[in-house]
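Colleague: I am new to this structure. Can we go through the terms one by one?
Modeller: Gladly. Have a look, then ask.

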Amino acid sequence: MTTELLFRDDAYLRTATARVLAVHQRGIELDRTIFYPLGGGQMGDTGVLLRASGDRILIADTRKGEALESVVHVPAADMPQPEVGETLTLEVDWERRYALMRLHTALHVMSCVVVAPVTGGNISPDKARLDFDIDMSLLDADRIERETNALIARGAETETVWITDEELDLRPELVKTMSVQPPRGAGRVRLLKIPGIDLQPCGGTHVKNIAEIGGIRVLKIRSEGKRNKRVEIALAG
Ligand SMILES: [Zn+2]
């Protein structure tokens, strides 16, 4: 079963209606959703599915389903179960999601400041990190913070660009992240473009203008192994 991914075209949707396609052990599948499923290092969304009866089904997590482009909404314990075919109102926990969007986009900006292969990454609502294959001596927290914040202050509109699998194969330099290859098989790959700053495959949710990030601070830099030097950041305010 596939789910129309409304967040992919508009990451700012806080509410929508959708029809229940399936209810199973893992959770609830809908015909469309504004909930981002865990992926690309970004945590899955939380929120509420509201029934016409007024019942509130709290969603504790969102995960990818078995089919390509299917999404499973994972309810918290002891929630009412919706019926297949029922129409629900979706409300994403916006404060949490917007923090994820700002931090996620901040990592794209930081990957322009720290120029090295990315070996891992993670985005949670309160902090985010990238791991780089780089010498520790080249990572200076003050410089990373200053240069990333200078780019953020300048501002730039983010854009979504689609290319075919074949076009991506011809441009391997676009893939900065060694540990996560972009999903193939759908025939096309989604790129995030920040003109003059970054261009790379990404299926996550981003802010419209990097100025919305406001600013970042570097929480810590540490070695997580020979090829993993971790830079962890938080939003400045
Ligand atoms: Zn991204």
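Colleague: What makes α2 and α3 a crossing pair, and at what angle do they cross?
Modeller: Two packed helices are described by the angle between their axes and the distance between the axes. The axes of α2 and helix α3 (residues 141-154) come within 9 Å and cross at roughly 120°. Axes are lines fitted to C-alpha atoms, for helices over the stretch in contact, and angles run from 0 to 180 degrees between N-to-C directions. Helices (H or I, at least four residues) and strands (E, at least two) are DSSP runs, numbered from the N terminus. This is a predicted model: local features need pLDDT of at least 70, side-chain atom pairs count only at pLDDT 80 or more, while totals for chains, interfaces and linings use all residues. Residues are numbered from 1 along each chain as its sequence is written, and side-chain values use heavy atoms, with hydrogens and water left out.

Colleague: Which residues make the contact of α2 with α3?
Modeller: From α2 come A106, V109, M110, C112 and V113; from α3 come R143, I144, E147, T148, L151 and I152. Contact means heavy atoms within 4.5 Å.

Colleague: How many of them are nonpolar?
Modeller: The contact holds 8 nonpolar, 1 polar and 2 charged residues. Ala, Val, Leu, Ile, Met, Phe, Trp, Tyr, Cys and Pro count as nonpolar, Asp, Glu, Lys and Arg as charged, and the others, Gly among them, as polar.

Colleague: Why is H104 called buried?
Modeller: Its relative accessible area is 4%. Buried means under 20%, exposed over 50%, partly exposed in between (1.4 Å probe, protein chains only). So H104 counts as buried. H104 sits in helix α2. Leaving out residues up to four places away in sequence, H104 touches Q42, I123, C202, G204, T205 and H206.

Colleague: Why is E86 called buried?
Modeller: E86 has a relative accessible area of 16%, so E86 is buried. E86 lies in the loop between β7 (71-75) and β8 (87-92). Residues up to four places away aside, E86 touches A18, R19, V20 and R51.

Colleague: What makes the largest nonpolar core a core, and how many residues has it?
Modeller: A nonpolar core is a set of buried Ala, Val, Leu, Ile, Met, Phe, Trp, Tyr and Cys residues joined through side-chain atoms within 4.5 Å. The largest one here has 49 residues. L49, M110, F132, I213 and I233 have the most contacts inside it. Helix α2 (residues 94-113) gives the most to this core, with 9 residues. Another core, of 6 residues, lies apart from it, with L168, L174, V189 and L191 among them.

Colleague: How do you know that β10 and β15 pair?
Modeller: Two strands pair if DSSP finds at least two bridges between them. Strand β10 (residues 128-132) and strand β15 (residues 229-235) are joined by 5 bridges and run antiparallel. For D131, the bridge partner in β15 is R230. Both strands belong to an open sheet of 4 strands, ordered β9-β10-β15-β14. α2 lies across β9, β10, β14 and β15, at about 135° to β15.

Colleague: Why are β11 and β13 called edge strands?
Modeller: Their open sheet of 3 strands has the order β11-β12-β13, with antiparallel pairing. β11 (159-164) and β13 (198-201) each have a single partner strand, so one side of each is left without a neighbour in the sheet. β11 pairs with strand β12 (residues 188-194) over 6 bridges.
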